[in-house]
Amino acid sequence: MKPKKIATYGLLVALAFILSYIESLFLLPVPVPGIKVGLANLVVITALFVMGVKEAFVLSIIRIILVGFTFGNPSTMLFSLAGGLLSVILMIIFQKSKKLSIVGVSIIGGVSHNIGQILMSIIIVDNINIAYYLPILLISGAITGTVIGILGSIIVKRLKDI
């Protein structure tokens with residue numbers, strides 16, 4: 001691996017890590033627990049559209065593991081891995097299809113992240129009734145995915161202009 005690529009990975013992992021930390025400091029004022037903006041996904045979606053599939057996947061996994069060890073516990077890391085893996089895999093599939101914009105791919109990422117977490121909850125708790133929480137999370141995933149997608153498209157456009 002070339003030094004420039006290693007430096008870019010390091011920079012993006014650090015950025016995603018910092019965004020995750022900032023997000024952990026400010027909880028959204030919503031009555032439903034677990035809803036987050038997903039600021040770190042801004043780095044992943046930017047990497048997906050600027051660097052490539054492999055880079056975005058690796059970045060997402062490294063970020064989840066580092067943030068899990070630093071700010072979470074094994075349980076939160078499991079939920080993050082379930083949501084993050086499903087999210088990045090579906091974002092890659094839809095980005096490769098070229099049928100959706102960055103905003104559309106980001107919405108897929110936000111919604112699928114919540115689906116992955118609910119599936120993990122159902123497995124861990126062994127209770128399908130947790131799925132009743134899914135519609136609320138799908139709506140929040142669509143809203144936050146839209147916000148992250150709009151910001152990501154601005155960043156990607158500016159990076160391509162450089």
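1. Aromatic pairs. F17, Y21 and F71 are linked by ring pairs into a cluster.

2. Basis of the note. The model is predicted: local features need pLDDT of at least 70, side-chain atom pairs count only at pLDDT 80 or more, and totals for chains, interfaces and linings use all residues. Residues are numbered from 1 along each chain as its sequence is written, and side-chain values use heavy atoms, with hydrogens and water left out.

3. Overall fold. The chain contains six helices and zero strands, where helices (H or I, at least four residues) and strands (E, at least two) are DSSP runs numbered from the N terminus. In sequence order the pattern is α-α-α-α-α-α.

4. Dimensions. The C-alpha trace spans about 50 × 35 × 30 Å along its principal axes. The radius of gyration, taken over C-alpha atoms, is 15 Å, which agrees with the value near 15 Å for a compact globule of 162 residues; that rule is 2.2 Å times the number of residues to the power 0.38.

5. Nonpolar cores. A nonpolar core is a set of buried Ala, Val, Leu, Ile, Met, Phe, Trp, Tyr and Cys residues joined through side-chain atoms within 4.5 Å; buried means under 20% relative accessible area (1.4 Å probe, protein chains only). The largest such core has 21 residues, and V43, I45, L48, F49, L59, M91 and V105 have the most contacts inside it. Helices α1 (3-25), α2 (40-50), α3 (53-71), α4 (74-97), α5 (102-125) and α6 (134-161) each supply at least two of its residues. The largest share, eight residues, comes from α2. Another core, apart from this one, has six residues, including I35, I122, L134 and L137.

6. Two residues, V43 and T46. Beyond its neighbours within four places in sequence, V43 is in contact (heavy atoms within 4.5 Å) with L12, L15, A16, L19 and L59. T46 lies in helix α2 and is buried, with a relative accessible area of 9%. The T46 side chain reaches the backbone oxygen of L42 at 2.7 Å.

7. Record annotation. An unreviewed UniProt entry places the feature "transmembrane region" at residues 6-30, 42-71, 77-94, 101-124 and 130-156; such annotations may be inferred rather than shown by experiment. Residues 77-94 are 100% helix, with end C-alpha atoms 25 Å apart. Residues 130-156 are 85% helix, and their end C-alpha atoms lie 37 Å apart.

Conventions: Buried means under 20% relative accessible area, exposed over 50%, partly exposed in between (1.4 Å probe, protein chains only). A polar contact is a pair of N or O atoms within 3.5 Å; within protein, one must be able to donate a hydrogen and the other to accept it, and residues adjacent in sequence count only if both atoms are side-chain atoms. Rings of Phe, Tyr and Trp (its six-membered ring) pair if their centres lie within 6.5 Å; planes under 30 degrees apart count as stacked, over 60 as edge-to-face and the rest as tilted.
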